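Subject: Structure handover

Hello,

Here is the structure I promised to pass on. My notes on cavities and helix packing follow below it.

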Amino acid sequence: TAEVERSLRVLDGAVAVICAVDGVQPQTETVWKQADEFNVPRICFMNKMDRIGADFFGSMEDVQQKFGIEPLALQIPIGEGPDFEGVIDLIKMKELRWSEQDEGETITESEISAERLSDAQKWHDKLVETVAASDDNLMEIYLEGGEISVEQIKTAIRNGTINRTFVPFVMGSARHNQGVQPLIDAIVDYLPCPTDVPAAKGIKFKKDEQENIEIPCDVSKMPLGLVFKIQYDREMGPLCYVRMYSGKISSGTQIFNVNKKKRERVNRILRMHADKSEPMDSLSAGDIAVFIGLKLAQTGDTIGSEAFNVLLEQPKFPQPVISVALEPESMSEKDKMNETLAILSREDPTFTSHEDAETGQLIISGMGELHLDVLVTRMRDDFGVKCNVGAPQVTYRESVSGKAEASEDYSRVLAGKENTAGLKISVEQREQGSGNSYEVCCKHSDVPEEIMAAIESGFKSALDSGIKYGYPCTDVGVKVLEITYNELTSTTFAFEACAAQVFDKACNLANPVILEPVMNVDISCPKEFVGPASSQLSQRGGNIMGQDSKVSGEIIHAQAPMANMFGFTTNLRSATQGRASFSM
């Protein structure tokens with residue numbers, strides 16, 4: 001999840017790879033929704049056209065229905081499945097075939113054969129019509145029956161793709177290197193370059209105020225970049241992946257980390273090509289490269305210069321939902337384990353570790369069983385840490401389901417001095433997922449700052465320590481309605497204690513509830529195993545929401561409590577002879 005979020009945050013365009021046999025997979029839906037949030041223009045590549053059961057038009061319709069987009073076929077297939085020979089380019093109106101002798105290096109263009117011409121003409125007209133509908137000038141030419149040139153069509157497709165009016169579709173078989181060259185041409189022709197997309201947004205800090213500004217992609221402006229990923233390398237240390245939004249940074253120069261308010265030196269800059277890298281002298285606006293030598297940078301940090309104090313919007317990461325207990329095999333391993341955990345959590349912001357104050361266990365949290373499994377395996381194999389993993393505990397939350405008011409007067413004599421405080425507050429349920437809020441709704445000009453800070457800190461710690469069960473609160477709105485302050489006897493200590501007491505009182509009146517993480521579960525399995533798969537899920541307290549039929553089998557949509565889903569993989573596989581899989 002984190003990988004996808006942070007990559008989409010810094011990308012200008014994307015290629016969605018869709019399987020021609022199975023259509024849209026559950027994980028693709030998640031990623032597509034994330035791309036929508038970041039407004040990333042995209043084109044679709046229909047892969048595996050040479051597999052049995054490939055259906056270009058069916059899978060394209062699947063994308064259209066699932067995501068509600070307007071598809072634009074730039075090619076249609078010549079044969080499908082094992083009969084896949086090549087594609088018809090609907091813009092040039094030519095047939096393209098790839099040579100099998102040199103693994104698809106050579107492309108041969110030929111005229112469209114007579115039996116395929118009417119089909120090609122139909123789809124060509126559909127393409128022109130869709131494109132003309134998005135461009136007023138072309139619409140005029142089209143309605144007057146004029147000829148629209150290839151260049152005009154390409155320009156209109158580019159504009160439509162960038163504005164996300166429609167999504168162009170190309171196809172091929174990546175394994176046999178068929179259809180890859182037209183895909184790369186389509187990336188160049190239709191996806192935006194850094195100056196085509198809206199300017200990045202940032203927050204500029206002046207003495208006491210902050211303003212939202214736009215950062216145009218311009219090499220001559222002040223340098224500004226975002227660290228969006230960190231990878232640990234044994235020899236070089238942390239590799240910081242940086243997307244430059246403005247200006248230019250040269251290797252060997254000093255930069256300023258805006259989040260940490262510290263200076264660092266960029267020792268080297270590398271351009272990464274999967275497992276190879278090439279050194280660069282400098283990195284300019286619109287580019288992505290790796291900085292070596294940054295010791296403090298974390299995912300989401302903004303780097304630039306002290307003169308230009310601007311913070312770029314940070315990538316948002318979901319809260320971890322699953323935790324397991326971790327312990328070193330011997331005390332001598334403990335320091336090594338803590339170092340490794342620090343490295344891993346710098347790399348992956350959805351992986352966190354903390355010591356549980358009550359049980360003294362070291363708890364690591366992540367996005368799912370597989371996620372934690374991978375990280376623990378990396379700790380053992382890559383970093384050589386000997387550790388044992390305990391049973392996971394799910395992170396619950398507390399909240400209120402109603403609204404209530406309460407008041408509290410606090411008075412204690414401590415060390416011969418009277419401490420008093422009085423508060424009246426209301427608590428209410430907020431919309432799910434909106435987090436906690438705290439506001440003061442009464443006049444407090446005569447109350448000193450440190451007392452106000454004490455009240456706020458009292459409520460903050462009360463929200464963290466829960467209502468009944470000690471789990472952190474979420475989606476609770478706290479409003480302070482009255483403050484009873486006495487210059488002679490009121491103290492910060494009294495107000496902090498009073499806040500905790502009045503919070504407990506109000507929350508217990510507002511119908512406290514405990515919330516548990518509930519997961520969306522998608523099980524895909526052959527028709528004959530729908531029964532056993534559904535019953536496995538029902539035994540774990542899951543609710544079946546619906547079912548879809550696909551070429552590859554049935555997909556069961558359900559919701560189930562996270563706490564009951566541990567080890568579900570094993571049960572599901574044994575019930576379905578290993579033929580079902582699920583994602584949640």
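Please keep in mind that this is a predicted model.

First, the cavity search. Run over the whole structure, it finds one cavity of 30 Å³ or more. The space in this largest cavity comes to about 40 Å³. Its lining is made up of 10 residues. Nearest the centre lie Glu29, Lys66, Lys550, Ile555 and His557. What is the lining like by class? Five of its residues are charged, three are nonpolar and two are polar.

Next, a helix pair. Helix H8 covers residues 334–347, and helix H9 covers residues 369–381. The two pack with their axes 11 Å apart. The angle between them is about 135°. Angles over 145 degrees would count as roughly antiparallel, and 65 to 115 as roughly perpendicular. H8 and H9 are therefore oblique to each other. The crossing of H8 past H9 is right-handed.

Which residues make the contact? On the H8 side they are Met337, Thr340, Leu341, Leu344 and Glu347. H9 brings Leu375, Arg378 and Met379. By class, this contact has five nonpolar residues, two charged and one polar.

To recap the two sites: the largest cavity has five charged residues in its lining, and the H8 contact with H9 has five nonpolar ones.

Best wishes

How values were computed. Residues are numbered from 1 along each chain as its sequence is written. This is a predicted model: local features need pLDDT of at least 70, side-chain atom pairs count only at pLDDT 80 or more; totals for chains, interfaces and linings use all residues. Side-chain values use heavy atoms; hydrogens and water are left out. On a 1 Å grid over the protein atoms alone, a cavity is a set of points where a 1.4 Å probe fits but cannot get out, and a pocket is an open set with protein on both sides within 12 Å along at least five of seven lines; lining residues have an atom within 4 Å of a point. Grid points are joined across faces, edges and corners, and a volume is the space filled by probe spheres set on the points. Ala, Val, Leu, Ile, Met, Phe, Trp, Tyr, Cys and Pro count as nonpolar, Asp, Glu, Lys and Arg as charged, and the others, Gly among them, as polar. Axes are lines fitted to C-alpha atoms, for helices over the stretch in contact, and angles run from 0 to 180 degrees between N-to-C directions. Helices (H or I, at least four residues) and strands (E, at least two) are DSSP runs, numbered from the N terminus. Angles under 35 degrees count as roughly parallel, over 145 as roughly antiparallel, 65 to 115 as roughly perpendicular and the rest as oblique. A crossing is left-handed if the near helix is turned anticlockwise from the far one by less than a right angle, and right-handed if clockwise. Contact means heavy atoms within 4.5 Å.
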